[in-house]
Amino acid sequence: MTTSTAAPDIRVDDLLDEGGSDSMAENVRAGLAAEPKQLPPWCLYDERGSALFDRITELPEYYPTRCERAILNRYAPEIVASTGAEELLELGSGVASKTRALLYAMAGAGTLRRYVPFDVDATVVERSAEELTTLYPGLAVHGVVGDFERHIEDLPEPAGRRLVAFLGGTIGNLGPPERAEMLARLRSLLRPDDRLLLGADLVKDPSVIVAAYDDSRGMTRTFTANALRVLNRELGADFELDAFEPFARWDEAHQRVELGLLARSAQRVRFAGLDGLEVAFAAGEKLLTEISSKFTRARLEHELVEAGFRLERLLSDEDDLFSVSVAVPEEAR
Ligand SMILES: C[S@@+](CC[C@H](N)C(=O)[O-])C[C@H]1O[C@@H](n2cnc3c(N)ncnc32)[C@H](O)[C@@H]1O
């Protein structure tokens, strides 16, 4: 693990450099052998990918960020008052722009002690640490660069009552078994007075959903295609960027959007960083980069309960497009 301290109140631990690149490469190898072929999320979020995602969140048709921000701006003081949170731990924190409503409410309540941003992209962790310590003098930030599917157990010890935020609908990027495992891990991380704040996108008219992921400016297509640049750079792959066509489509049966790339023609791609692995793509074959699952209230509650939580509140925006749940860890059964 590398630890850096840019300023007296900032510390950033990098857990990815502990054999991380090997296991990340192995994740890619496993994904390329799957049917359909798929990539792990870190392939989307390098510095360029995070910046592209940030621009997507500002598009008028990308309702998740707008709606989740409205929910947090409206309810943050109540959430903070009811949880007494002293520390905000945020998984998949990104640029942490919506997080500010929570930190602001914690500062207003006089309980704010520490912010722990956790993301696979080091650039966003470092940037948000610097921005937020400037905004809140005296705030301690302990950033963690890691993979929340592998490093949750290596988080810093709590500095007080914890609010664990998992926002942006990121939980929907996991398939049902991975989601169940992730929620159960989160449950085991929480002590009785801690709370989980879970942002999840709701089932709605599919045309609204598809417009958000297949935007008119093609920003999401650029974001998806960025995964190929990341693989070329990190794993010495020889993808021809123009040989794949980004797509976004609604999968009614699984109630989720699928994003990925379609091979425009039959081709072979070589990965120097995977011992020269050669991967064949048939014409029209799909390489899945992301899923984004949408939830009914009943399904959200069911999954939380199955993981050992009680759903205390389920908040939504005025158009009922997006949800933020406050979940309480139940006593171990
Ligand atoms: C959909 S974005 C949400 C960002 C931010 N929370 C928001 O609400 O705007 C997902 C974030 O999770 C991060 N991420 C994705 N997979 C991850 C993983 N396995 N471990 C850690 N971070 C991950 C990405 O880098 C990205 O910042």
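A: A definition to start: a crossing is left-handed if the near helix is turned anticlockwise from the far one by less than a right angle, and right-handed if clockwise. Helices (H or I, at least four residues) and strands (E, at least two) are DSSP runs, numbered from the N terminus. This is a predicted model: local features need pLDDT of at least 70, side-chain atom pairs count only at pLDDT 80 or more, and totals for chains, interfaces and linings use all residues. Residues are numbered from 1 along each chain as its sequence is written.

Q: Left-handed or right-handed crossing?
A: Helix 6 and helix 9 cross right-handed. R179, A180 and L183 of helix 6 make the contact with E303, L304 and E306 of helix 9; contact here is C-beta atoms, placed from the backbone, within 7 Å.

Q: Now the sheet. What is the strand order?
A: The order is 3-13-10-9, in an open sheet of four strands with mixed pairing. Two strands pair if DSSP finds at least two bridges between them. Strand 3 (37–38) and strand 9 (244–251) are the edges, each pairing on one side only.

Q: How many bridges join strand 9 to strand 10?
A: Eight, and the two run antiparallel, strand 10 being residues 256–263. F247 has G260 in strand 10 as its bridge partner.

Q: Which strands does helix 7 touch?
A: Helix 7 (residues 206–213) packs on the sheet and touches strand 9, strand 10 and strand 13 (286–293), at about 155 degrees to the direction of strand 9. Helix 8 (residues 219–235) lies across strand 9, strand 10 and strand 13, at about 120 degrees to strand 9.

Q: What about strand 11 and strand 12?
A: They form a hairpin with five residues between them, and D275 in the turn has a positive phi of about 55 degrees. R270 is opposite E278 in strand 12.

Terms used: Two residues are in contact if their C-beta atoms, placed from the backbone, lie within 7 Å. Axes are lines fitted to C-alpha atoms, for helices over the stretch in contact, and angles run from 0 to 180 degrees between N-to-C directions.
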